[in-house]
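Subject: Handover of a protein structure

Dear colleague,

Please find the structure below, together with its sequence. My notes on what was found in it follow.

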Amino acid sequence: MALVTIKLRAGLPSLRVGEALEVMLAAIERVNQGTRIRIVEYSIQSNHVHLIVEAENSADLSRGMASLNTGIGMRLNRTWDRVGRGSVFEERFHLVVIDSP
């Protein structure tokens, strides 16, 4: 289990309103239908997201998070009409392994 934080670049709109929130919720639902990772809990803030993520191993966690980030980034870029202007995220993601419940 891991705590994952994904942070937006400065100056972008809030993730907590309108279509951006819908993009985030749909992405979480879509990832949970797959087999690599499972998002157990989440907290969507205006400029970042905290996720509690389960995965069988570190490779699945890495691939699952890369897929999630790519999907969210592409959809947010379309939503905010900024296609071709680079990543919406400051970095890939920040991860802290959780050893106990």
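This is a predicted model: local features need pLDDT of at least 70, side-chain atom pairs count only at pLDDT 80 or more; totals for chains, interfaces and linings use all residues.

I begin with a single residue. Asp 81 is exposed, with a relative accessible area of 67%; here buried means under 20% relative accessible area, exposed over 50%, and partly exposed in between, computed with a 1.4 Å probe and the protein chains only. Asp 81 is found in the loop between helix 2 and strand 4 (94-97). Its phi is near 50°, a positive value in a residue other than glycine. Most residues other than glycine have a negative phi.

Residues are numbered from 1 along each chain as its sequence is written, and side-chain values use heavy atoms, with hydrogens and water left out.

The overall fold

The protein has two helices and four strands, and along the sequence these follow the pattern β-α-β-β-α-β. Helices (H or I, at least four residues) and strands (E, at least two) are DSSP runs, numbered from the N terminus. The radius of gyration of the protein is 13 Å, close to the 13 Å that the globule rule gives for 101 residues, so the protein is as compact as a globular protein of that length. That radius is taken over C-alpha atoms, and the globule rule is 2.2 Å times the number of residues to the power 0.38. Taken along the principal axes, the C-alpha atoms fill a box of roughly 40 × 20 × 20 Å.

Of the 101 residues, 35% count as buried. The protein exposes about 6100 Å², and carbon and sulfur atoms supply 49% of this area; accessible areas come from the Shrake-Rupley method with a 1.4 Å probe, and for residues only the protein chains shown count as cover. Among contacts with a separation of 6 or more, 66% are accounted for by residues 24 or more positions apart, where contact means heavy atoms within 4.5 Å.

Residues of helix 2

Leu 76 lies in helix 2 and is buried, with a relative accessible area of 0%. Leaving aside neighbours within four places in sequence, Leu 76 is in contact with Leu 8, Leu 15, Ala 20, Val 23, Met 24 and Val 88. Between Leu 76 and Ile 98, which are 22 residues apart in sequence, the C-alpha distance is 29 Å.

Leu 61 also lies in helix 2 and counts as buried at 13% relative accessibility. Not counting residues up to four places away in sequence, Leu 61 touches Ala 2, Ile 37, Val 53, Ala 55 and Leu 95.

Asp 60, another residue in helix 2, is buried, with a relative accessible area of 16%. With residues up to four places away in sequence again not counted, Asp 60 touches Arg 36, Ile 37 and Ala 55.

Asn 32 lies in helix 1 and counts as partly exposed at 31% relative accessibility. Beyond residues up to four places away in sequence, Asn 32 touches Ile 37, Arg 38 and Ile 39. Asn 32 and Gly 64 are 32 residues apart in sequence, and their C-alpha atoms are 10.0 Å apart in space.

Asn 47 is found in the loop between strand 2 (37-44) and strand 3 (48-55), and is partly exposed, with a relative accessible area of 33%. Not counting residues up to four places away in sequence, Asn 47 touches Ile 6, Lys 7, Leu 8 and Leu 15. The C-alpha atoms of Asn 47 and Leu 12 are separated by 7.8 Å, although these residues are 35 residues apart along the chain.

The largest pocket

About 160 Å³ of space lies in the largest pocket. Of the 13 residues that line this pocket, the closest to its centre are Arg 30, Val 31, Gly 64, Ser 67 and Leu 68. On a 1 Å grid over the protein atoms alone, a pocket is an open set of points where a 1.4 Å probe fits, with protein on both sides within 12 Å along at least five of seven lines; lining residues have an atom within 4 Å of a point. Grid points are joined across faces, edges and corners, and a volume is the space filled by probe spheres set on the points.

Helix 2 gives the most to the lining, with six residues.

Yours sincerely
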